[in-house]
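Here is a short walk through the model shown below. Keep the 3D view open as you read, and follow along from one part to the next.

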Amino acid sequence: MDKGPFSAEWLAQSSRGGARELPGESRPCPPGSPVLTPPSVPAESPREREAAERAGHGAGQAGAAPGRARTKFSAAQLRELERSFREQRYIGAGEKRRLAAVLNLSQSQIKTWFQNRRMKFKRQTQDAR
């Protein structure tokens, strides 16, 4: 595959801070800067790297970086969220702010709960067919 400007490899490097100029361009190296040598391990394709990164994010991975703990909603919070969902599947900004204040949750937690609940509703209605 061509490694021209904006190829997948170049974009992957630039998103990690590895490529700062377009291929073919060159900047003079500052005096005394270290000479970078390529790694002795064969390079993986960007797809292989992405697959390896995704595989490392599974539950129960030893040594994985700790992420945000899953929110455990109380029964009262779930009742109010479900009641609001029955009234309207898509939550507006005002209702999101109100629920966040009443339930002591963040607005992004409310938004995520509604997204997940809509997907659950979609699965349930598709399974019923």
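## The big picture

Take the contacts (heavy atoms within 4.5 Å) between residues at least 6 apart in sequence: 37% of them join residues at least 24 apart. What you're looking at is a predicted model, where local features need pLDDT of at least 70 and side-chain atom pairs count only at pLDDT 80 or more, while totals for chains, interfaces and linings use all residues. Residues are numbered from 1 along each chain as its sequence is written, and side-chain values use heavy atoms, with hydrogens and water left out.

How many helices and strands does the protein have? Five helices and zero strands, so from the N terminus on the pattern reads α-α-α-α-α (helices are DSSP runs of H or I with at least four residues, strands are runs of E with at least two, and both are numbered from the N terminus). Of the 129 residues, 18% count as buried (buried means under 20% relative accessible area, exposed means over 50%, and partly exposed is in between, using a 1.4 Å probe and protein chains only). The protein exposes about 10,700 Å², and carbon and sulfur atoms supply 53% of that (areas come from the Shrake-Rupley method with a 1.4 Å probe; for residues, only the protein chains shown count as cover).

## Helix 3 against helix 4

Two packed helices are described by the angle between their axes and the distance between the axes. Let's begin with helix 3 (residues 75-87) and helix 4 (residues 93-103). Their axes come within 11 Å and cross at roughly 165° (axes are lines fitted to C-alpha atoms, for helices over the stretch in contact, and angles run from 0 to 180 degrees between N-to-C directions). That makes helix 3 roughly antiparallel to helix 4 (under 35 degrees counts as roughly parallel, over 145 as roughly antiparallel, 65 to 115 as roughly perpendicular, and the rest as oblique).

On the helix 3 side, the contact uses Q77, E80, L81, R83 and S84; on the helix 4 side, E95, R98, L99 and L103. By class, those residues split into three nonpolar, two polar and four charged (Ala, Val, Leu, Ile, Met, Phe, Trp, Tyr, Cys and Pro count as nonpolar, Asp, Glu, Lys and Arg as charged, and the others, Gly among them, as polar).

## Helix 5 joins in

The crossing of helix 4 and helix 5 is right-handed.

Helix 5 also touches helix 3: their axes come within 11 Å and cross at roughly 65°. Helix 3 brings L78, L81, E82, S84 and F85, and helix 5 answers with I110, W113, F114, R117, R118 and F121. Sorted by class, you get seven nonpolar, one polar and three charged residues. The crossing of helix 3 and helix 5 is right-handed.

## Residues to click on

Is S84 buried or exposed? S84 is buried, with a relative accessible area of 4%. Leaving aside neighbours within four places in sequence, S84 is in contact with E95, L99 and F114. Also in helix 3 is A76, which counts as partly exposed at 43% relative accessibility. A76 and L103 are 27 residues apart in sequence, and their C-alpha atoms are 8.4 Å apart in space.

Next, look at the loops. R89 sits between helix 3 and helix 4 and is partly exposed, at 43% relative accessibility. Beyond its neighbours within four places in sequence, R89 is in contact with F114, R118 and F121. The C-alpha atoms of R89 and F121 are separated by 9.5 Å, although the two are 32 residues apart along the chain.

N104 is in the loop between helix 4 and helix 5 and counts as exposed, at 70% relative accessibility. Most residues other than glycine have a negative phi. For N104, phi is near 60°, a positive value in a residue other than glycine.

How values were computed. Left-handed = near helix turned anticlockwise from the far one by under 90°.
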